[in-house]
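These are my notebook entries on a structure that I am reading through for the first time.

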Amino acid sequence: MPSLELVLLAALLLVGGGAEATQEHVLFSVIQISSFANQSWAQHQGSGWLGDMQSHGWDSELGTIIFLHSWSKGNFSDEEMIDLELLFRVYFIGFTRETQEYAGQMHFGYPIEVQVRAGCELHPNDTVESFLQAAYGGSHFLSFRDMSWVPAPKGDSRAQSVCDLLNQYEGIRETVHKLLTHTCPRFALGLFDAAKVDYERQVKPEAWLATGPRPAPGRLLLVCHVSGFHPKPVWVMWMRGEQEQQGTQQGDILPHADGTWYLRVTLDVAAREVAGLSCRVRHSSLGNQDIVLHWEQHLSVYLILLAVTVPLMLLVALVLWFKKRCSYQDIP
Ligand SMILES: *[C@@H]1O[C@H](CO)[C@@H](O)[C@H](O)[C@H]1NC(C)=O
Ligand SMILES: *[C@@H]1O[C@H](CO)[C@@H](O)[C@H](O)[C@H]1NC(C)=O
Ligand SMILES: *[C@@H]1O[C@H](CO)[C@@H](O)[C@H](O)[C@H]1NC(C)=O
């Protein structure tokens, strides 16, 4: 018989193994969108994201971080957050000044649109990938890799000039490198732990059917609305029995203000072929119980409405007819 110690040891090993197996994929990123209308007008938007869930905003008037959730500080102390806030504040001031100063010299015509996405991705195999990419006018312009600024492969000579300029500042390169490879993964892990309740929350979708604008005479646009689900991954398909309908068109998955998601899935179909069609929704919150909405059932609501309204209209017509007859008789 195994000793108690051995059993405990085995239990401990199992626990250890389990924890490793459930280690997850964590992605934290910050996004900057800056617009320069002219020499004297600039506007910045900043945000922080844990996967596809927004965790932070940026108040550009006050130069402060907006913490959108109770867990948005992760496990960082207030002091550490204040340091980061100061760093971003100085960055935005410097970024505005340098852009306005060099725009003319480097032949960037107003308006200037700059987008920056930076962050880190932690893989279950314990590797960390950090990234920083900047776009100018909507196209990839430059990246930060291995301690230096690199122009985009398809960038023009201005991208090279900007990188040459930026690469002269060793202090900035070191700070950016440290933020991406050291601060970011540490913050992302703490944030992921703190956000777990919200991040992993399962909210069931509601689904309903409707018709969209008539695509052509004799055809119908069937619309399946799926709303209020979390997390984001979802599978929605128009079906005939077990047959997936190839013409199914899926829209973008759009966010609701409460952090849940919405999706619209349509099918353009001949009006006489609607019988037997259904919309099928698969989502982690539903387990194996897919939502299946049949078009006939939906249709029957209209039939009931029709069954109520037609006799009602007849009644009204009858009353009006009687009234008219009476008033004719009143005429002497
Ligand atoms: C700069 O752009 C802003 C916003 O479009 C505008 O209100 C302002 O008048 C412009 N200033 C100059 C000097 O052109
Ligand atoms: C770790 O996983 C990522 C993503 O799955 C992969 O790109 C990377 O090559 C892996 N690294 C190692 C060292 O296995
Ligand atoms: C926060 O959590 C991360 C990951 O668990 C850890 O590496 C870090 O030391 C923790 N504390 C601080 C202040 O970052």
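**Entry 1. Terms and overall picture.** Before naming any element, I note that helices here are DSSP runs of H or I with at least four residues, strands are runs of E with at least two, and both are numbered from the N terminus. I also record that the model is a predicted one. By that definition I find five helices and 17 strands in the protein. The protein has 332 residues, of which 34% count as buried. Among contacts with a separation of 6 or more, 56% are between residues 24 or more positions apart.

**Entry 2. A threonine in a helix.** I turned to T183, which I located in helix α4, residues 170-199. Is T183 buried or exposed? Its relative accessible area is 13%, and a residue counts as buried under 20%, so T183 is buried. I then asked which residues T183 touches once its neighbours within four places in sequence are set aside. They are F76, L84 and K178.

**Entry 3. Strand β5 and its partners.** I looked up how β5 sits in the structure. Eight of its 11 residues are buried, so β5 is largely enclosed by the rest of the structure. Strand β5 spans residues 112-122. On one pairing, I find strand β1, residues 26-38, running antiparallel to β5 and joined to it by 11 bridges. Within this pairing, S35 has E113 of β5 as its bridge partner.

I then followed β5 to strand β6, residues 128-136, which is also antiparallel to β5 and is joined to it by nine bridges. Here R117 is bridged to Q133 in β6. The strands β5 and β6 make a hairpin with five residues between them. In that turn, I note D126, whose phi is positive at about 75°.

**Entry 4. Cis peptide bonds.** I checked the backbone for cis peptide bonds and record two entries. Y110 and P111 are joined by one, with omega at about -5°. P111 belongs to the loop between α2 (78-105) and β5. The other cis bond joins H230 and P231, and its omega is about 0°. I place P231 in the loop between β10 (219-229) and β11 (235-240).

**Entry 5. Positive phi in a loop.** Next I examined the loop between β7 (139-145) and β8 (148-151), where D146 lies. D146 is not a glycine, yet its phi is positive at about 45°. How accessible is D146? Its relative accessibility is 73%, so D146 counts as exposed. M147 sits in the loop between β7 and β8 as well. M147 also has a positive phi, about 70°, without being a glycine. With a relative accessible area of 27%, M147 is partly exposed.

**Entry 6. Ligand 1.** Which residues surround ligand 1? I find A37, N38, S40 and W41. An oxygen atom of ligand 1 lies 2.3 Å from a polar side-chain atom of N38. On its own, ligand 1 has 360 Å² of accessible area, and the protein covers 33% of that. By class, the shell around ligand 1 holds two nonpolar, two polar and no charged residues.

**Entry 7. Ligand 2.** Around ligand 2, I find H123, N125 and T127. The side chain of N125 has an N or O atom 2.5 Å from an oxygen atom of ligand 2. Taken alone, ligand 2 exposes 360 Å², of which the protein buries 33%.

**Entry 8. Ligand 3.** The residues that I find around ligand 3 are N75, F76, R186 and L189. An N or O atom in the side chain of N75 lies 2.3 Å from an oxygen atom of ligand 3. R186 places a polar side-chain atom 2.7 Å from an oxygen atom of ligand 3. How much of ligand 3 does the protein cover? The protein covers 55% of the 360 Å² of accessible area that ligand 3 has on its own. The shell around ligand 3 comprises two nonpolar residues, one polar and one charged.

Methods. Residues are numbered from 1 along each chain as its sequence is written. Chains are lettered from A and ligands numbered from 1 in the order in which they are written. This is a predicted model: local features need pLDDT of at least 70, side-chain atom pairs count only at pLDDT 80 or more; totals for chains, interfaces and linings use all residues. Side-chain values use heavy atoms; hydrogens and water are left out. A residue is near a molecule or strand if one of its heavy atoms lies within 4 Å of it. A polar contact is a pair of N or O atoms within 3.5 Å; within protein, one must be able to donate a hydrogen and the other to accept it, and residues adjacent in sequence count only if both atoms are side-chain atoms. Accessible areas come from the Shrake-Rupley method with a 1.4 Å probe; for residues, only the protein chains shown count as cover. Buried means under 20% relative accessible area, exposed over 50%, partly exposed in between (1.4 Å probe, protein chains only). Contact means heavy atoms within 4.5 Å. Ala, Val, Leu, Ile, Met, Phe, Trp, Tyr, Cys and Pro count as nonpolar, Asp, Glu, Lys and Arg as charged, and the others, Gly among them, as polar. Two strands pair if DSSP finds at least two bridges between them.
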